[in-house]
Structure formats: C-alpha cells, structure tokens
Amino acid sequence: MQRLRESSVALKSSEVPEVPEGAAGPAAGRGRAVHGGRAVSGVTPAPTPARARPRTAARTAGASVAALATAGTLLLAPAAVAADGDKVTKNTVNQDYSVTIAAQFTRPNGAMLSRALTYDPKLVPVNSHVTVSERANSDRTRVGLRVDGLVANRTYGAHVHTGTCGVRPESSGPHYQHRKDPRTPSVDPAYANPKNEVWLDFTTDGKGEASSVSRNAWRFRSGEARSVVIHEHRTATKAGVAGTAGRVVACYSVPFNQSKEAAKAVSGLLGKLF
C-alpha cells in the first residue's frame, strides 16, 4: 500500500468551499479534526506529585487525540492512488460525514499516481490547486469544489465519477448516478441531470480561480463515488448528449462517504488505547 504524506498545515478559511452552518447535524460536536497527527507510544511514566497529575493527564489525552487523527487520515487515503503533495486537512468522524481534502495537480506516471492528475496541462496546469469538500447527513449530500491556477475566464465541466483517477483519463469511469441509467453511455436527461448526478461546472475568474457547489437529496452509496473529474467545457443538457462535457482534462480521487469504515477504525484504536 502506498502511503499518503500528511500535512499539518490547514487551509485558510477563504480557500475551503463554504459549508452551511448546522449541515452536519447535532452530532457534529462529537467529531475529531485531522491535521496529520501521530500516535505517541512509550513506557508508563513514574508516579507524579498530585499537582503534576493534571498536566500528565493532558499529555495523555493529547496523545489519544493524535492517534485518533492518524487513524482517520490513513483510512481516507485510497491504497492505489495516494502520493506526496496531497493534504487531508479535515475529517470529522461521527454519525454524519464531513471531509475536506486538497492537492496540487501533477502529470500521471506509471510508477506512482497522485490523487490529483492533469491530462491536459494547457487547461489544468501542473501545480494548480484543487479542494473538494463533502458534507452529508442521513439523506442529503453537499459537495463543494474550488480550484486555482487554471486558465483565466474559462468554463469547465465537472462531475463526480465512479472510479479513481488513473494513468488514462477514462480510468475514472462514468458519472455517479443516484438512479442508474440502464443504458450506457448515459445521455438521457431523465438520468443525466444535476439532481440525479453531481455536477460542479465552474467558470474561472481573471486569476484562474473558481468554486462551485452541488446539493442533492440523497447520499452516495459506499464505495461507488470515488473522484471529481474536470472536463474541457460546460455540461450539455439536451437529449442524446446530456451529461457530456468533452474530454477529461483532470481528475481528483476523493474518499466520498466513508464514515462507517472510519468509525470502525476509530473504535478499534480507542479500544487499544483505553
């Protein structure tokens, strides 16, 4: 398994796609934040004076939180696509699901694939940035996309796809659909539409920056939504071409809807710590 190099540098608030207040539900306060922490292990400390005990307890609690953070981060990294330069900046583990991740686009190569790949550096330059957020509760999903460093004043198509990014643009597979079209490729507006899929089309400003948000009245099926793909132009809506947006120019592997697996990993870690 390839490892994801973590970063403890959080994104600025202006760089993270906006998440509506209260979207995570009442359980959000029980979550943990991931900032690339590491579990601390060692021998049991010698007895300390009564006055020093609170400080020792604080250090123990800090180590436990760091271990919890590490478990969440490792779980979020897909085994076949993690690489240097990616950042897991936030992961809240509770009955709802919230994650924000960011990376720089790189060219694909056969030796090691980054999460964020550009297949057309003229449209998505190497080292341009991408941030994706997901916020989901029992029956709704919000996905946010933010990019910078792309071509200025240009419109791109973008969607959630079923596969992870690979050496070839087609590796990411078709669009994720809540109701699956029995025909492939899916170009029927009854299925290929922003209510049944996740569309994140955007137009960059004069600096090559843009953001977009999709809100859907359903949750992803576990393991079936795995990437955000950027296309060369706006998504079409007419019958026969609905959902198409030209060539795939970039792809970003994203760990959508992994809350159940994260909860299991954290539960196992806490059992060992306490």
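This is a predicted model: local features need pLDDT of at least 70, side-chain atom pairs count only at pLDDT 80 or more; totals for chains, interfaces and linings use all residues.
Reader: Which aromatic ring does Tyr 176 pair with, and how are the planes set?

Author: Tyr 176 pairs with Trp 218. The ring centres are 5.7 Å apart and the planes stand at 35°, so the pair is tilted.

Reader: Where do Tyr 176 and Trp 218 lie in the chain?

Author: Tyr 176 is in the loop between strand 6 and strand 7, and Trp 218 is in the loop between strand 8 (210–216) and strand 9 (227–231). They are 42 residues apart, and the pair links distant parts of the chain.

Reader: Trp 218, buried or exposed?

Author: Trp 218 is buried, with a relative accessible area of 7%.

Reader: How many aromatic pairs does the structure hold?

Author: There are 5 aromatic pairs in the structure. One of them is Tyr 156 with Phe 202, which is stacked, at 5.1 Å centre to centre with 20° between the planes.

Reader: What does the pair of Tyr 156 and Phe 202 tie together?

Author: Tyr 156 belongs to strand 6 and Phe 202 to strand 7, so the pair ties together parts that are 46 residues apart in sequence. Tyr 156 and Phe 202 are both buried.

Reader: Which residue lies over the face of Tyr 156?

Author: Arg 154 does, at 5.2 Å from the ring centre.

Reader: Changing topic. What is the strand order in the open sheet?

Author: The order is 3-10-9-6-7 for its 5 strands, and the pairing is antiparallel. Strand 3 (116–118) and strand 7 (202–203) are at the edges with a single partner strand each, so one side of each has no neighbour in the sheet.

Reader: How many bridges join strand 3 to strand 10?

Author: 3 bridges join these antiparallel strands, with strand 10 covering residues 248–253. Thr 118 stands opposite Ala 250 of strand 10.

Reader: And the whole protein, what are the elements?

Author: The protein has 2 helices and 10 strands. From the N terminus the elements run α-β-β-β-β-β-β-β-β-β-β-α.

Reader: How many residues are there, and what share is buried?

Author: The protein has 274 residues, and 45% of them count as buried. Its accessible surface comes to about 14,300 Å², with 54% belonging to carbon and sulfur atoms.

Reader: Backbone next. Where is the cis peptide bond?

Author: Thr 184 and Pro 185 are joined by a cis peptide bond, with omega about -5°. Pro 185 lies in the loop between strand 6 (155–161) and strand 7.

Reader: What about phi of Asn 127 and of Asn 153?

Author: Asn 127 has a positive phi near 75°, and Asn 153 has a positive phi near 55°. Asn 127 is in the loop between strand 3 and strand 4 (129–136), while Asn 153 is in the loop between strand 5 (141–148) and strand 6.

Reader: Why does Asn 153 count as exposed?

Author: Asn 153 counts as exposed because its relative accessibility is 60%, and the cut-off for exposed is over 50%. Asn 127, at 46%, counts as partly exposed.

Reader: Last one. What is Pro 194 in contact with, sequence neighbours aside?

Author: Beyond neighbours within four places in sequence, Pro 194 is in contact with Trp 199 and Asn 216. Pro 194 is partly exposed at 42% relative accessible area.

Definitions and conventions
Residues are numbered from 1 along each chain as its sequence is written. Side-chain values use heavy atoms; hydrogens and water are left out. Helices (H or I, at least four residues) and strands (E, at least two) are DSSP runs, numbered from the N terminus. Buried means under 20% relative accessible area, exposed over 50%, partly exposed in between (1.4 Å probe, protein chains only). Accessible areas come from the Shrake-Rupley method with a 1.4 Å probe; for residues, only the protein chains shown count as cover. Two strands pair if DSSP finds at least two bridges between them. Contact means heavy atoms within 4.5 Å. Rings of Phe, Tyr and Trp (its six-membered ring) pair if their centres lie within 6.5 Å; planes under 30 degrees apart count as stacked, over 60 as edge-to-face and the rest as tilted. A charge sits over a ring if NZ of Lys or CZ of Arg is within 6 Å of the ring centre and within 35 degrees of the ring normal.
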